[in-house]
Amino acid sequence: MELRNCRKCGKIFGYSGSGPVICENCKKEAEERFQKVKDYIRDNPMTSINDVSEECDVTVQQIKQWVREERLQFSKESGVVFHCEKCGAPIRTGRFCDNCKNSMVNTLDGIYEKPKAALAQPKKTHDSDRMRFMGKN
């Protein structure tokens, strides 16, 4: 564990090497803000992203990040639409539409061929390949 400065508050903390470089207090505050936003969206399904930002005192950028991470999803009635980063199709959560996700998975599956079982063929031996013992025929 190494000591780092929190990117939010500047406090020194023990960083484990995974996740964002923010202290436990800032992580807790961020999670509380996330829950507040999530509850607000659930209670107000027709709300816009700007209204959520104002009411919950969270930046629009942070809300978009949570949507891209698939932690948040706006209802169809809200009118909030995001676009697939690959094809531009409208989506409500994540970075890619279902078609692009499936296409990427199929492409990745095709990159690595599964090892084929070695064909069981009898190994040919030659007299010169055999072990010889002195004094025995």
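Contact here means heavy atoms within 4.5 Å. Every view below shows a predicted model.

**View 1. The two sides of helix α2.**
Helix α2 spans residues 49–56. Four of its residues, I49, V52, S53 and C56, are buried. These four cover an arc of only 100 degrees around the axis, which puts them on the same side of α2. The general rule is simple: an α-helix has 3.6 residues a turn, so residues three or four places apart point the same way. Now turn to the other side of α2. There, E54 and E55 are exposed.

**View 2. What covers the buried side of α2?**
The cover includes the helices α1 and α3, along with the strand β3. Helix α1 runs over 24–43, and helix α3 over 60–68. Strand β3 takes up 82–83. Under this cover lie I49, V52, S53 and C56, the buried residues of α2.

Helix α2 is followed by D57. This residue is found in the loop between α2 and α3. Most residues other than glycine have a negative phi. Is D57 buried or exposed? With a relative accessible area of 66%, D57 is exposed, because exposed means over 50%.

E70 is found in the loop between α3 and β3. Its phi is near 65 degrees, again a positive value in a residue other than glycine. The relative accessible area of E70 is 45%. That value lies between the cut-offs of 20% and 50%, so E70 counts as partly exposed.

**View 3. The largest pocket.**
About 260 Å³ of space lies in this pocket. Such space can be found with a probe: rolling one the size of a water molecule over the atoms shows where empty space is left. The lining of the largest pocket is made by K8, P20, I22, K27, A30, E31, R33, Q62, Q65, W66, E69 and R71. Two elements, α1 and α3, each give two or more residues to this lining.

**View 4. The lining of the largest pocket, residue by residue.**
Which element gives the largest share of the lining? Helix α1 does, with four residues. What kinds of residue make up the lining? Six are charged, four are nonpolar and two are polar. Among the lining residues are K8, W66 and Q62.

Notes
Residues numbered from 1 in each chain as written. Predicted model: local features only at pLDDT ≥ 70, side-chain atom pairs only at ≥ 80, totals over all residues. Heavy atoms only, no water. 1 Å grid on protein atoms, 1.4 Å probe; cavity = no way out; pocket = protein on both sides within 12 Å on 5 of 7 lines; lining within 4 Å. Points joined across faces, edges and corners; volume = space filled by probe spheres on them. Nonpolar A, V, L, I, M, F, W, Y, C, P; charged D, E, K, R; others polar. Buried < 20%, exposed > 50% of the residue type's maximum accessible area, 1.4 Å probe, protein only. Arc of directions from axis to C-beta.
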